[in-house]
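Morning, everyone. Let me walk you through one structure today. Please have a look at the screen.

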Amino acid sequence: MNFMTLRRGLLAAALLLSTTAWADATVQARDGWARPTVTGQPVGGAYVQLRNAGNAADRLLGASTSAAERVELHSMQMSGDVMRMRQVDAIELPAGATVDLAPGGLHLMLMGLKAPLRAGDKLPLVLRFEKAGEVKTELLVDNRAAPAAASGHMHGGQGHDHKH
Ligand SMILES: [Cu+2]
């Protein structure tokens with residue numbers, strides 16, 4: 001038994017101990033997309049909507065795609081006048097919550113792209129959750145409008161613009 005198998009076994013045992021966890025461990029991903037990239041661009045932003053339909057909080061711990069060497073979880077924060085992104089260890093997904101990974105906020109960073117992402121491409125994406133385990137979805141490469149116009153989240157008094 002290797003370490004991963006052992007770890008999964010322990011996880012499964014832990015979930016079985018809390019009576020309703022299995023039935024409620026329903027984490028869904030939808031509307032995954034990524035920005036097109038230009039030749040030579042090593043990284044790309046990717047976004048997806050996560051929903052936890054269960055009664056127990058879960059956490060997104062990581063992701064992977066065959067299109068990139070690895071995927072990082074990033075957040076964006078204002079630092080003075082500049083919007084900066086930084087890597088985070090996990091993205092919390094409270095029970096019953098929907099969390100949008102979207103431009104200007106939490107997102108996935110595809111690191112080490114193997115080829116430029118072209119509009120219309122579909123990339124397989126595997127999301128790894130602490131409790132729900134692996135959730136498979138897809139990223140559609142799509143040239144979407146600027147985030148501030150598309151979602152109300154970043155509106156307000158900040159008055160700063162950023163691109164990511
Ligand atoms: Cu990023």
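I will take the metal site, then the core, then an aromatic pair. Keep in mind that this is a predicted model.

Start with the copper ion. Which protein donors does the copper ion have? His74 gives ND1, Met85 gives SD, His107 gives NE2 and Met109 gives SD. They lie 2.1 to 2.2 Å from the ion. Along the chain, the donors follow the spacing H-x10-M-x21-H-x1-M. Two of them, Met85 in strand β5 and Met109 in strand β8, are 24 residues apart and link distant parts of the chain.

Why is the arrangement tetrahedral? Because the four donor atoms subtend angles of 103 to 122° around the copper ion. Every angle has to fall between 85 and 135 degrees for that label.

Now the two methionines. Met85 is partly exposed, with a relative accessible area of 37%. Met109 is buried, at 3%.

On to the core. The largest nonpolar core has 28 residues. Leu50, Leu60, Leu101, Leu108, Leu110, Leu127 and Phe129 touch the most other members. Strand β9, residues 122-129, gives the most to this core, with four residues. Take Leu108 as an example. Beyond its sequence neighbours up to four places away, Leu108 touches residues including Val48, Leu60, Val71, Leu101, Leu125 and Leu127.

Last, the aromatics. The count comes to one aromatic pair. Trp33 and Tyr47 form that pair, and it is tilted: 4.7 Å centre to centre, with 40° between the planes. Trp33 sits in strand β1 and Tyr47 in strand β2, 14 residues apart. Both Trp33 and Tyr47 are buried.

Conventions:
Residues numbered from 1 in each chain as written. Predicted model: local features only at pLDDT ≥ 70, side-chain atom pairs only at ≥ 80, totals over all residues. Heavy atoms only, no water. Core = buried A, V, L, I, M, F, W, Y, C linked by side-chain atoms within 4.5 Å. Buried < 20%, exposed > 50% of the residue type's maximum accessible area, 1.4 Å probe, protein only. Helix = DSSP H or I, 4+ residues; strand = E, 2+ residues; numbered from the N terminus. Contact = heavy atoms within 4.5 Å. Phe/Tyr/Trp six-rings, centres within 6.5 Å; stacked < 30°, edge-to-face > 60°. Donors = N, O, S within 2.8 Å, 3.2 Å for Na, K, Ca; no water. Tetrahedral: all angles 85-135°; square planar, octahedral: opposite > 155°, others 65-115°.
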